[in-house]
Amino acid sequence: MESQNGGIGEIDHLEKGLLSDTREANDGEDDDEPILYSASFEEAEDDFIKLKTTQWILYSLLLILAWGFGLLMFLYIPVRRYILRRMIQSRKLYVTPNSIVYKVTKPVPFPCFGVLKKEKHVLLPSVADVVIEQGYLQSRYGVYSIRIENVGVRRPPSDNVQIEGIVDPRAFKKFVLMRLSEIRNQTFSRQVSTLEDASSSRNVQSYAAPMSPLKSIRPDILSPVGEFGILQKLEEVDNSLKRVQTLIEERQPKTFEHKD
């Protein structure tokens, strides 16, 4: 145990030397959307490094027994710890009104060749669930990981976002689910209002349709005075036809008498 503690002390010393030589500031890019909730990784940094170092040592022992390649992995441990610490210090995980944003800057296996930047945006309506996971070694060091599952069966599991070393994952999950519920309620209320507006416009059109043919009819015909005038004219025409018929009947007997 004393030799193991001494070895870990030497690894920590080498790692601090690497960190003191090259230390970059975190990205200062500002997003257009406001940040509603931001997760933290700082409190779990040391436990995360210990967990990953233990895993690396176990893999190295297995490879030493198999092919002897694990000896090189032992020599690589200080660089490995430096990469892990730089990676967890650069992590950013926050929630905006419409999405979950995850950013990380990870040095390549040989840090002298630069870094790899990763940025992922997950739309909140596409989130199915936030799963909290903790394996055996993770429970030994108190490290949690979360997995953001996407909606839809066609997406492969590799599409899910998995992040390890987050502090208080339950608070993050609770906030994401609350925000997702708010978005769904807002969408439902907008759909209901749209349906109500459409139904009211249809009712207005149905009331206006029977009135439209009346616009082509003259007002004086629809009024009582106009209707009385039409009846009076019809009566005058009927009287004139009767007078013509009477005159014809009076002339017919006279013509017959003249012939006799």
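Q: How do you know that β1 and strand β2 pair?
A: Two bridges join β1 to strand β2 (residues 92-95), and the two run antiparallel. Pairing requires at least two bridges, so β1 and β2 count as paired. This is a predicted model.

Q: Which residue in β2 is the bridge partner of S38?
A: The partner of S38 is Y94.

Q: What makes β1 and β4 edge strands?
A: The open sheet has four strands in the order β1-β2-β3-β4, with antiparallel pairing. β1 (37-38) and β4 (115-123) each pair on one side only.

Q: Why are β5 and β7 said to stand at the edges?
A: A further open sheet, of three strands, has the order β5-β6-β7 and antiparallel pairing. β5 (127-133) and β7 (161-164) each have a single partner strand, so one side of each has no neighbour in the sheet. From one strand to the next, the twist averages 15°.

Q: How do you know that β6 and β7 are paired?
A: Strand β6 (residues 145-150) is joined to β7 by four bridges, and the strands run antiparallel. I146 stands opposite I163 in β7.

Q: What makes the contact of R85 with E45 a salt bridge?
A: The closest N and O atoms of R85 and E45 are 2.9 Å apart. The cut-off is 4 Å between a side-chain nitrogen of Lys or Arg and a carboxyl oxygen of Asp or Glu, so the R85 and E45 pair qualifies. The pair links distant parts of the chain, with R85 in helix α4 (residues 77-90) and E45 in helix α2, 40 residues apart.

Q: Why are R85 and E45 called buried?
A: R85 has a relative accessibility of 12%, and E45 has a relative accessible area of 12%. Buried means under 20%, so the label applies to R85 and to E45.

Q: How do you know that D46 forms a salt bridge with R85?
A: The closest N and O atoms of D46 and R85 are 3.3 Å apart, and the limit is 4 Å. This pair also links distant parts of the chain: D46 belongs to helix α2 and R85 to helix α4, 39 residues apart.

Q: Is D46 buried, partly exposed or exposed, and why?
A: D46 has 46% relative accessibility. Buried means under 20% and exposed over 50%, so D46 counts as partly exposed.

Q: What makes the side chains of K52 and E164 a salt bridge?
A: They meet at 2.8 Å, N to O, against a limit of 4 Å. K52 is in helix α2 and E164 in strand β7, 112 residues apart, and the pair links distant parts of the chain. K52 and E164 are both buried.

Q: Why is Q55 called buried?
A: Q55, in helix α2, has 19% relative accessibility. The threshold is under 20%, so Q55 counts as buried. The C-alpha atoms of Q55 and L137 are separated by 8.4 Å, and the two residues are 82 residues apart along the chain.

Q: Which residues make the nonpolar surface patch?
A: L58, Y59, L61, L62, I64 and L71 make the patch, which covers about 580 Å². Helix α2 (residues 45-66) contributes the largest share, five residues.

Q: What does UniProt list for residues 56-77?
A: An unreviewed UniProt entry lists "transmembrane region" for residues 56-77. In the model this span is 82% helix and 0% strand, and its end C-alpha atoms lie 8 Å apart.

Terms used: Residues are numbered from 1 along each chain as its sequence is written. This is a predicted model: local features need pLDDT of at least 70, side-chain atom pairs count only at pLDDT 80 or more; totals for chains, interfaces and linings use all residues. Side-chain values use heavy atoms; hydrogens and water are left out. Axes are lines fitted to C-alpha atoms, for helices over the stretch in contact, and angles run from 0 to 180 degrees between N-to-C directions. Patches are made of residues with over 30% relative accessible area and no salt bridge: like charges are joined within 9 Å, nonpolar side chains (Val, Leu, Ile, Met, Phe, Trp, Tyr) within 5 Å. Accessible areas come from the Shrake-Rupley method with a 1.4 Å probe; for residues, only the protein chains shown count as cover. Buried means under 20% relative accessible area, exposed over 50%, partly exposed in between (1.4 Å probe, protein chains only). UniProt positions are given in the numbering used here, feature names are shortened, and annotations may be inferred rather than shown by experiment.
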